[in-house]
Amino acid sequence: MEKLIDLSPVERPANAQPWAKIQPRLKGVIALSSVLPAVIALAFLLISGNEFMGVLFTVFLPLQILAGGFAGFYGFGRRGILDGLLLVVTYFFATFVLVLLVSVLWSVIENGGKAISPHFFYQNNVYVDPTAPLEIGGVGHAIIGSFLIVGLATVITVPLGIATAVYITETQGKSRGLIRSLLQAMSGLPSVVAGLFIYALLIASGITQYAGFAGSLALIPLMLPTVSRVAEEALRLVPKELRNGALALGAPAWRAFLQVTLPAASSGIVTAVLLGVARVIGETAPLILTTFSANNTNLNIFEGGMSTLPTYLYNYVTMGFDTSLQRAWGAALVILILVGVLFAAARFATRSTPAPKAKKRK
Amino acid sequence: MTAEAPYQATPRRKLVVKPSTVPDKVFFGIATAAAYSAIVITSAILIFLVLRAWPAFESQGLLNFIFGSGWDTSLDPIVLHIGPMLWGSFLVATIGVIFAVPMAISIAYFIEFIAPKALAKSATILVDLLAAIPSVVIGLWGVSLFSTVAAGWAQELNSVLGWLPLFSNNAGNFLRSPFIAGLVVAVMIVPIIASITREIFSQMDQEIIKASLALGGNRESTFRKVILPTAAGGVVGGVLLGLGRALGETVAIFFVLNLVYDDFNFYQILEPKGGAVASLILAKFGEATPAEIAGLMAAGVVLFVATLIINAIASYIVAKAQPWRN
């Protein structure tokens, strides 16, 4: 009689039991396959004396891919080969990019650390020429300038951004989608264009001279998308029941917002402000086009030249002396410290959220 | 018994969706006004830039301005064409994106699916922090440390693959090339793309991944057939955002790229010759004549429109990819 159904067992895949213990032998193969290519590549590097990057990409990577594929094949059969490759490639690229990024951080910390001293923070730049030793002069005036310019931008942008977020989350306005996509598009506005805009609007038309507040105005379109997007996110996380409860108890909408929704979202709003400030504190191009750098400390934001940390950094890089580069590194470290502090504060603010975070997805 | 008349509730106040009281009207009015300020700002940017740029467009001709080459104010009539700059912007941004995308996706995949929790958490913080590093700092790193290292890589690439026109170099000098500028831009946008991609990965439906594994899928097939297709929209959106950032990058590219105004460099990425619209604006702004300023404004308009288009596409794709957000 003809056999209708083939009842012979299918071949059982080797990785059919992912919960099973990894055999010691396989462990050995994995360890070997992750060490051997590195050893061979290192030996090749030392013997042939080729460039590191060349060896990394022409010797180490192919070997490591082969080894990863072999380990996968050994452990899990044919289906394991691609798994091994995926892991190798992922680890390789992730390590590569982390090394690059950490090298940015490290170089700033190392070189900036040499330039920084207490007086670097409070002295200004009067009587300091680019080749002067680092014993005198500092970025005090630029720190003050940065705080003033970014501060004014923040004072204008934050209410605007939060109100925009309110429009998107709390009202039934018709153009919410349009505003959202517009803000999304604005977040990609080239910063130099923002500077050109203020230049065209205020300075070229003779309304004002180069001054700090022009720089603040140029930062607004750059800061607004960040603030309103994060604030929107924060307001969205407030449970609907809270504001509906307030409205049901008879509170008018503005009261429900100010006394219920806003306090519940306060940590998110703080995060929005901090991230907005972090976004613009290092902006250089718009400030170069709208402010005039100065060596002295200037407290008047409406008149006269005013240096900021990024423009100070830019000026000293373009001068091109060794000492001026060192000062630039110092300024870079100060900017990095500021950004780091803002970030830490933002994380702290998010962590101390009293309300439980609702799941984002419905 | 007569039938009772049906009870009719008399509403004590009008039930309306619109705000009725004055303070509420003020509240919603403020919110609406603020929201429309975004429209006002964007259109004001366009209007004022176009207004100031008009003389340049008029004297040079729109197509000539965008596609012609040469930027010289000593000639009469002056020549203000941004063709090489615009092409250079796209070239540098493309190089940056080509380098950045695999790295960003790898690191996002590593953080979300491979790394142990503690490591993933600190790597997330690191990536988010690096996304906030100002570009001028990366430019400083690029010009004083990375350029020489990358020039070594470029030289090696040239010595091995120099017979390809793509990697040829006749200048004998490997510094300040689009290749290096592209790498610096890549370092700048990797954290941006990575943090968006990671977020998309983390918000993915865990069930479909588990389902794929339960059906006998391995890591690789799950990644290729389930994770990537599901997240593709968001990832593409993130990449386009990175591309927009790369196009608008000013200071860092100005530091590490040799701007050549009168000659296109179409694909020889190792030649020390390239361009970028934003850097052109920065380079020429200092001692510009009024006519030249108009040209720079026009360059700004072109740049703005280009990034606006890319960002509009990006936000459309991201919104499509995250239907749960609305």
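Q: How is the radius of gyration taken here, and what is the globule rule?

A: The radius of gyration is taken over C-alpha atoms, and the globule rule is 2.2 Å times the number of residues to the power 0.38. This is a predicted model. A compact globule of 326 residues would come out near 20 Å, but chain B has 26 Å. Its C-alpha atoms fill a box of roughly 110 × 60 × 30 Å along the principal axes.

Q: What is the secondary structure of chain A?

A: Chain A has 14 helices and zero strands. Its radius of gyration is 29 Å, well over the 21 Å from the globule rule for 362 residues, so chain A is more spread out than a compact globule. The box for its C-alpha atoms is roughly 95 × 70 × 35 Å.

Q: And which elements make up chain B?

A: Chain B has eleven helices and two strands.

Q: What share of each chain counts as buried?

A: A residue is buried if 20 or more other C-beta atoms lie within 10 Å of its own. In chain A, 44% of the 362 residues count as buried. In chain B, 49% of the 326 residues do.

Note on methods:
Residues numbered from 1 in each chain as written. Chains lettered and ligands numbered in written order. Predicted model: local features only at pLDDT ≥ 70, side-chain atom pairs only at ≥ 80, totals over all residues. Helix = DSSP H or I, 4+ residues; strand = E, 2+ residues; numbered from the N terminus. Buried ≥ 20, exposed ≤ 12 C-beta atoms within 10 Å, placed from the backbone.
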